[in-house]
Amino acid sequence: MKRIIVYFLEIIILFVIQTSTFHYFGLANIMPNLLLILVVSTAYMRGRMTGLGIGFFTGLLVDIVYGELIGLYAFIYMIIGYFMGYANKIYSNDDYTLPIFFVAVSDFVYGFFYYIFGFLLRGRLNLLFYMRRIILPEIIYTVAASVFLYKILNIINNRLDRIEIEGE
Amino acid sequence: MHINPKHVLIAGVILCIAIVGISFRFGEQLKPVRAAVGSVFTPMQKGINIVGTFISDKLDNFKNINDLLAENEDLKQQINMLTYENKMLLQDKYELDGLRELYELDQKYLDYPKVAARVISKDPGNWYSVFTIDKGTKDGLAKGMNVMAGNGLVGIITECYYNYSIVRSIIDDKSNVWGMFLKSSDDCVVQGDLQLMDEGKIRVELISRDAEIMDGYEVVTSHISPNFHQGILIGYISNIELDSSNMTKSAYLTPAVDFDHLEEVLIITELKEQPQLKEPPTDTEVTIDVDALAETDEDTDTLIDEENQVDVNSDTASDEDTNTGDYDTEIGNDATTNSDVTE
């Protein structure tokens with residue numbers, strides 16, 4: 001129960017930060033995808049089910065507030081959360097490089113999915129441009145942000161684990 | 001009890017597809033849900049912006065003197081107002097020159113009442129240029145109202161809720177606006193384009209081959225646009241090229257608004273009236289187009305036959321004064337002409 005509340009708060013806080021107009025935060029008009037970091041690192045720390053759930057609800061929130069069609073973001077985030085959950089099998093508490101690699105891969109998948117649904121279907125064929133202009137910078141920036149954010153999320157997760165063990 | 005994650009995934013995918021279908025089919029009915037969630041988040045976004053602005057202000061204080069900053073801000077705003085006013089007057093002058101040549105002229109001036117609002121959040125992705133402002137239906141805003149900043153067009157309100165509204169800017173990849181060259185009165189379509197955004201430019205298309213235009217000409221919103229008021233400056237044209245079809249020209253446009261540093265915007269709290277026919281249409285094709293026009297819920301201008309538009313547009317809005325006086329800021333007398341040229 002406590003865990004669910006914490007996840008809920010994490011989603012809301014990161015969502016508000018990401019959608020805020022912090023110009024000093026974004027580089028070259030690109031914002032790091034904080035919500036994706038949350039989904040990937042939770043899936044990596046907790047497994048497929050949690051990744052899937054948190055991905056779905058994160059996406060749903062973005063959809064409801066910003067999406068034109070509700071369900072598209074939920075779908076993308078959910079798929080990413082589920083497949084990143086497989087990485088839980090090689091989870092190690094003090095490995096800080098592997099999750100960052102996973103974040104990079106998922107951000108690429110996310111950008112690619114988004115290009116297909118949002119642009120390719122409207123006849124924008126210049127994939128290389130979008131790759132260079134949006135997907136790659138977003139990956140780099142998201143990776144940089146995930147170095148810090150994953151550490152924080154990992155600490156929160158460890159504390160939750162400890163509380164749960166003590167509770168039993 | 002143990003559930004196989006694979007089954008949950010399949011259920012989730014089906015659920016997502018179902019939601020997409022439902023929101024596609026019954027988008028309007030889902031509006032209350034969006035409004036409820038949005039109303040919860042708007043105060044938070046507002047709050048975090050206040051904190052962020054506070055911190056950045058404090059940082060600025062180290063570098064600059066506080067008073068100077070405030071004064072600078074005021075002066076900048078004043079410049080914006082004046083440029084806008086000047087632009088309007090200039091436009092009136094061109095209009096007057098044209099009208100003087102005609103013997104019968106019937107001029108109507110419209111005062112657009114305006115409300116100022118603050119930009120509080122932007123679309124979470126990096127792909128679109130959609131942002132949220134902190135005013136909504138309770139401040140008298142509605143879907144379809146035009147948004148300006150300083151002396152140019154910013155975009156249009158696509159969704160309006162109780163305490164916030166969503167604005168699609170003209171540089172957005174999905175945006176289409178009917179424009180017009182101020183000097184030659186040729187129509188064109190101004191299209192947002194992600195590929196050109198980096199250069200600070202957007203695309204202009206469907207310019208007539210015979211249009212006598214040159215680099216640096218001003219483009220304003222056209223009278224044939226169903227959603228935008230006439231005569232709002234969009235930007236300045238460059239790179240004019242003849243299309244490969246040899247029928248139309250296209251060009252680039254530099255917007256008059258600095259979209260990178262958009263903090264406050266002005267909303268014209270008057271909707272462009274939907275044009276109506278004076279007499280019942282006889283031609284079937286006309287009926288279809290007018291129906292489509294009346295029903296259009298699109299947030300961008302739909303492309304409609306030009307000849308239709310012309311006779312449809314001949315009776316323009318009554319200029320009743322809608323100033324109710326309780327808006328935050330009212331900038332009066334930014335008049336724009338709306339002329340009846342047809343006889």
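A: **A close look at one helix**

In H5(A), the buried residues are Pro99(A), Phe102(A), Val103(A), Ser106(A), Asp107(A), Tyr110(A), Gly111(A) and Tyr114(A). A residue is buried if 20 or more other C-beta atoms, placed from the backbone, lie within 10 Å of its own. Helices are DSSP runs (H or I, at least four residues), numbered from the N terminus.

This is a predicted model: local features need pLDDT of at least 70, side-chain atom pairs count only at pLDDT 80 or more, and totals for chains, interfaces and linings use all residues. Residues are numbered from 1 along each chain as its sequence is written, while chains are lettered from A and ligands numbered from 1 in the order in which they are written.

Now the spacing. An α-helix has 3.6 residues a turn, so residues three or four places apart point the same way.

What do the buried residues of H5(A) pack against? They pack against helix H2 (34-46), helix H4 (72-85) and helix H6 (127-167) of chain A.

Next, the length. H5(A) has 21 residues, 98-118. At 1.5 Å a residue they should span 30 Å, and the end C-alpha atoms are 30 Å apart, which agrees. The expected span is 1.5 Å times one less than the number of residues.

Last, the partner chain. 34 residues of chain A are in contact with 33 residues of chain B. Contact means C-beta atoms, placed from the backbone, within 7 Å.

Technical notes. Helix = DSSP H or I, 4+ residues; strand = E, 2+ residues; numbered from the N terminus. Buried ≥ 20, exposed ≤ 12 C-beta atoms within 10 Å, placed from the backbone. Contact = placed C-beta atoms within 7 Å.
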